[in-house]
Amino acid sequence: MAKVLYITANPKQEHESFSLSVGRAFLETYKQHHPEDEIVELHLYDIDVPYIDADVFSGWGKLQQGQAFDQLSKDEQQKVARINELCDQFIEADKYVFVTPMWNFSFPPKLKAYIDTLCIAGKTFKYTEEGSVGLLKGKKALHIQARGGIYSEGPAKELEFGDRYLRAVLAFVGITDVQTIAVEGMNAFPNEAEAIKQQAIERAKEAAKQF
(Lines give C-alpha, C1' and ligand atoms only; values in the text may rest on other atoms or scores of the structure.)
Protein backbone atom coordinates (compact mmCIF):
# COMPACT_ATOMS: atom_id res chain seq x y z
CA MET A 1 0.00 0.00 0.00
CA ALA A 2 1.31 3.45 -0.96
CA LYS A 3 0.55 6.80 0.63
CA VAL A 4 -0.32 9.58 -1.82
CA LEU A 5 -0.18 13.27 -0.93
CA TYR A 6 -2.52 15.28 -3.20
CA ILE A 7 -1.43 18.91 -2.90
CA THR A 8 -3.38 21.79 -4.42
CA ALA A 9 -2.42 25.48 -4.49
CA ASN A 10 -5.44 27.29 -5.88
CA PRO A 11 -7.99 29.46 -4.01
CA LYS A 12 -10.69 28.86 -6.64
CA GLN A 13 -13.51 26.35 -6.44
CA GLU A 14 -12.88 23.12 -8.31
CA HIS A 15 -15.46 23.79 -11.03
CA GLU A 16 -13.85 27.20 -11.72
CA SER A 17 -10.35 25.85 -12.21
CA PHE A 18 -8.80 24.00 -15.13
CA SER A 19 -6.00 22.56 -12.99
CA LEU A 20 -8.30 21.42 -10.17
CA SER A 21 -10.76 19.84 -12.62
CA VAL A 22 -7.98 17.85 -14.25
CA GLY A 23 -6.54 17.00 -10.85
CA ARG A 24 -9.86 15.64 -9.61
CA ALA A 25 -10.20 13.46 -12.72
CA PHE A 26 -6.73 12.09 -12.04
CA LEU A 27 -7.52 11.41 -8.40
CA GLU A 28 -10.84 9.65 -9.00
CA THR A 29 -9.26 7.42 -11.64
CA TYR A 30 -6.31 6.72 -9.35
CA LYS A 31 -8.67 5.58 -6.60
CA GLN A 32 -10.37 3.16 -8.98
CA HIS A 33 -7.10 1.55 -10.04
CA HIS A 34 -5.29 1.69 -6.67
CA PRO A 35 -8.06 1.12 -4.10
CA GLU A 36 -5.59 -0.11 -1.47
CA ASP A 37 -3.61 3.15 -1.39
CA GLU A 38 -4.08 5.87 1.21
CA ILE A 39 -4.74 9.35 -0.20
CA VAL A 40 -4.33 12.54 1.84
CA GLU A 41 -5.67 15.74 0.28
CA LEU A 42 -3.78 18.88 1.24
CA HIS A 43 -5.41 22.09 0.00
CA LEU A 44 -2.84 24.73 0.82
CA TYR A 45 -5.26 27.67 0.73
CA ASP A 46 -7.37 25.98 3.41
CA ILE A 47 -4.64 25.13 5.93
CA ASP A 48 -1.99 26.84 8.01
CA VAL A 49 1.32 27.01 6.13
CA PRO A 50 3.79 29.17 8.07
CA TYR A 51 6.12 31.50 6.26
CA ILE A 52 9.79 31.34 7.17
CA ASP A 53 9.88 34.55 9.23
CA ALA A 54 11.69 36.09 12.20
CA ASP A 55 9.93 33.77 14.69
CA VAL A 56 11.00 30.68 12.76
CA PHE A 57 14.62 31.77 12.45
CA SER A 58 14.67 32.75 16.11
CA GLY A 59 13.14 29.43 17.19
CA TRP A 60 15.51 27.39 15.05
CA GLY A 61 18.46 29.37 16.40
CA LYS A 62 17.47 28.73 20.01
CA LEU A 63 17.07 25.01 19.38
CA GLN A 64 20.47 24.86 17.69
CA GLN A 65 21.97 26.52 20.76
CA GLY A 66 20.59 23.74 22.94
CA GLN A 67 17.50 25.39 24.38
CA ALA A 68 14.49 23.17 25.06
CA PHE A 69 11.44 23.48 22.84
CA ASP A 70 9.31 24.74 25.74
CA GLN A 71 11.71 27.65 26.20
CA LEU A 72 10.70 29.07 22.84
CA SER A 73 8.07 31.81 22.68
CA LYS A 74 4.49 30.82 21.94
CA ASP A 75 4.75 32.02 18.32
CA GLU A 76 8.10 30.29 17.84
CA GLN A 77 6.74 27.02 19.18
CA GLN A 78 3.61 27.16 17.05
CA LYS A 79 5.40 27.92 13.78
CA VAL A 80 8.36 25.57 14.27
CA ALA A 81 6.05 22.71 15.29
CA ARG A 82 3.79 23.26 12.29
CA ILE A 83 6.75 23.28 9.89
CA ASN A 84 7.97 20.00 11.39
CA GLU A 85 4.48 18.52 11.07
CA LEU A 86 4.20 19.43 7.38
CA CYS A 87 7.71 18.20 6.63
CA ASP A 88 7.16 14.88 8.42
CA GLN A 89 3.87 14.37 6.57
CA PHE A 90 5.68 14.90 3.26
CA ILE A 91 8.48 12.50 4.20
CA GLU A 92 6.00 9.77 5.10
CA ALA A 93 4.34 9.82 1.66
CA ASP A 94 5.40 7.68 -1.29
CA LYS A 95 3.81 9.63 -4.13
CA TYR A 96 2.97 13.30 -4.64
CA VAL A 97 0.50 15.06 -6.90
CA PHE A 98 0.88 18.85 -7.16
CA VAL A 99 -1.99 20.75 -8.76
CA THR A 100 -1.38 24.42 -9.56
CA PRO A 101 -2.22 27.22 -11.95
CA MET A 102 0.49 29.36 -13.50
CA TRP A 103 0.58 32.78 -11.87
CA ASN A 104 3.01 35.32 -13.32
CA PHE A 105 5.17 32.61 -14.92
CA SER A 106 5.35 30.53 -11.71
CA PHE A 107 2.88 29.15 -9.15
CA PRO A 108 0.87 30.68 -6.27
CA PRO A 109 2.84 31.88 -3.21
CA LYS A 110 1.20 29.32 -0.94
CA LEU A 111 3.10 26.57 -2.73
CA LYS A 112 6.41 28.40 -2.28
CA ALA A 113 5.66 28.73 1.44
CA TYR A 114 4.87 25.02 1.56
CA ILE A 115 8.08 24.11 -0.28
CA ASP A 116 10.02 26.14 2.28
CA THR A 117 8.66 23.89 5.03
CA LEU A 118 9.95 20.81 3.19
CA CYS A 119 13.57 21.75 2.48
CA ILE A 120 14.97 21.05 5.94
CA ALA A 121 18.57 19.91 6.30
CA GLY A 122 18.80 16.55 8.05
CA LYS A 123 15.20 15.66 7.17
CA THR A 124 14.81 15.84 3.39
CA PHE A 125 18.44 16.48 2.40
CA LYS A 126 21.87 16.52 3.97
CA TYR A 127 25.13 18.33 3.38
CA THR A 128 28.24 16.32 2.55
CA GLU A 129 31.78 17.15 1.46
CA GLU A 130 30.68 16.42 -2.11
CA GLY A 131 27.65 18.69 -1.84
CA SER A 132 24.01 18.30 -0.82
CA VAL A 133 22.30 14.90 -1.10
CA GLY A 134 18.53 14.33 -1.27
CA LEU A 135 17.09 11.88 1.25
CA LEU A 136 13.75 11.08 -0.42
CA LYS A 137 14.91 8.75 -3.16
CA GLY A 138 12.58 6.10 -4.59
CA LYS A 139 9.47 8.31 -4.55
CA LYS A 140 7.57 9.79 -7.50
CA ALA A 141 5.65 12.97 -8.27
CA LEU A 142 3.22 14.44 -10.78
CA HIS A 143 2.61 18.13 -11.48
CA ILE A 144 -0.66 19.16 -13.07
CA GLN A 145 -0.29 22.78 -14.17
CA ALA A 146 -2.79 25.04 -15.96
CA ARG A 147 -1.29 27.75 -18.18
CA GLY A 148 -3.35 30.31 -20.08
CA GLY A 149 -0.76 30.58 -22.84
CA ILE A 150 1.54 28.13 -24.58
CA TYR A 151 4.70 27.53 -22.57
CA SER A 152 5.71 24.00 -23.55
CA GLU A 153 7.22 25.30 -26.77
CA GLY A 154 7.77 28.48 -28.72
CA PRO A 155 8.96 31.93 -27.58
CA ALA A 156 7.38 31.72 -24.09
CA LYS A 157 9.02 28.41 -23.17
CA GLU A 158 11.82 30.06 -21.20
CA LEU A 159 9.29 32.04 -19.15
CA GLU A 160 7.83 28.95 -17.49
CA PHE A 161 9.41 28.85 -14.03
CA GLY A 162 6.79 27.01 -11.95
CA ASP A 163 7.17 23.46 -13.26
CA ARG A 164 10.91 23.89 -13.74
CA TYR A 165 11.34 25.17 -10.18
CA LEU A 166 9.22 22.39 -8.70
CA ARG A 167 11.26 19.78 -10.58
CA ALA A 168 14.50 21.37 -9.31
CA VAL A 169 13.31 21.34 -5.69
CA LEU A 170 12.07 17.76 -5.92
CA ALA A 171 15.38 16.64 -7.42
CA PHE A 172 17.19 18.49 -4.62
CA VAL A 173 15.42 16.32 -2.02
CA GLY A 174 15.97 13.16 -4.08
CA ILE A 175 12.75 12.85 -6.10
CA THR A 176 13.67 12.56 -9.77
CA ASP A 177 10.74 10.48 -11.10
CA VAL A 178 8.54 13.46 -11.99
CA GLN A 179 5.80 13.74 -14.62
CA THR A 180 4.02 16.87 -15.83
CA ILE A 181 0.57 17.29 -17.33
CA ALA A 182 0.29 20.79 -18.78
CA VAL A 183 -3.17 22.19 -19.45
CA GLU A 184 -2.28 25.14 -21.65
CA GLY A 185 -3.56 27.64 -24.19
CA MET A 186 -7.05 28.26 -22.77
CA ASN A 187 -6.65 32.04 -22.75
CA ALA A 188 -4.75 32.15 -26.02
CA PHE A 189 -7.45 30.07 -27.73
CA PRO A 190 -10.65 30.66 -25.71
CA ASN A 191 -12.84 28.91 -28.28
CA GLU A 192 -10.82 25.75 -27.69
CA ALA A 193 -10.66 26.01 -23.90
CA GLU A 194 -13.17 23.26 -23.16
CA ALA A 195 -11.54 20.89 -25.64
CA ILE A 196 -8.12 21.60 -24.13
CA LYS A 197 -9.47 20.75 -20.68
CA GLN A 198 -11.09 17.53 -21.86
CA GLN A 199 -7.91 16.41 -23.60
CA ALA A 200 -5.94 17.06 -20.41
CA ILE A 201 -8.50 15.12 -18.39
CA GLU A 202 -8.04 12.12 -20.64
CA ARG A 203 -4.26 12.35 -20.29
CA ALA A 204 -4.65 12.59 -16.53
CA LYS A 205 -6.86 9.50 -16.39
CA GLU A 206 -4.34 7.51 -18.38
CA ALA A 207 -1.48 8.71 -16.17
CA ALA A 208 -3.44 7.77 -13.04
CA LYS A 209 -3.65 4.12 -14.08
CA GLN A 210 0.15 3.72 -14.05
CA PHE A 211 1.15 6.25 -11.39
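**Stop 1: helix α3**

Select residues 74–92, which form helix α3 in this predicted model. The helix has 19 residues and reaches 27 Å from its first C-alpha to its last, close to the 27 Å expected at 1.5 Å a residue.

Now show the side chains of E76, V80, R82, I83, L86, C87 and F90, which are buried in α3. Turn the view until you look down the axis of α3: its buried residues fall within an arc of 160°, so they line one face of the helix. An α-helix has 3.6 residues a turn, so residues three or four places apart point the same way. On the other side of α3, select K74 and E92, which are exposed.

Against which elements do the buried residues of α3 pack? Colour β1 (3–8), α2 (54–64), β3 (95–101), α4 (109–118) and α5 (162–172) to see these partners.

**Stop 2: the cavity**

Rolling a probe the size of a water molecule over the atoms shows where empty space is left. The count comes to one cavity of 30 Å³ or more, and the largest cavity holds about 50 Å³ of space. Select its lining: F90, F98, I115, L118, C119, L166, V169, L170 and V173. F90 is also among the buried residues of α3.

Helices α4 and α5 each supply at least two residues of this lining, and the largest share, three residues, comes from α5. By class, the lining of the largest cavity has nine nonpolar residues, no polar ones and no charged ones.

**Stop 3: D163**

Remain on α5 and select D163, which is found in this helix. Is D163 buried or exposed? Its relative accessibility is 8%, so D163 counts as buried. Leaving aside neighbours within four places in sequence, the contacts of D163 are H143, Q145, R147 and T180.

**Stop 4**

The lining of the largest pocket comprises six nonpolar, five polar and three charged residues.

Finally, select T8, N10, P11, K12, Q13, E14, L20, H43, L44, Y45 and D46, which line the second largest pocket. The volume of this pocket is about 180 Å³. Its lining divides into four nonpolar, four polar and three charged residues.

How values were computed:
Residues numbered from 1 in each chain as written. Predicted model: local features only at pLDDT ≥ 70, side-chain atom pairs only at ≥ 80, totals over all residues. Heavy atoms only, no water. Helix = DSSP H or I, 4+ residues; strand = E, 2+ residues; numbered from the N terminus. Expected span 1.5 Å × (residues − 1). Buried < 20%, exposed > 50% of the residue type's maximum accessible area, 1.4 Å probe, protein only. Arc of directions from axis to C-beta. Contact = heavy atoms within 4.5 Å. 1 Å grid on protein atoms, 1.4 Å probe; cavity = no way out; pocket = protein on both sides within 12 Å on 5 of 7 lines; lining within 4 Å. Points joined across faces, edges and corners; volume = space filled by probe spheres on them. Nonpolar A, V, L, I, M, F, W, Y, C, P; charged D, E, K, R; others polar.
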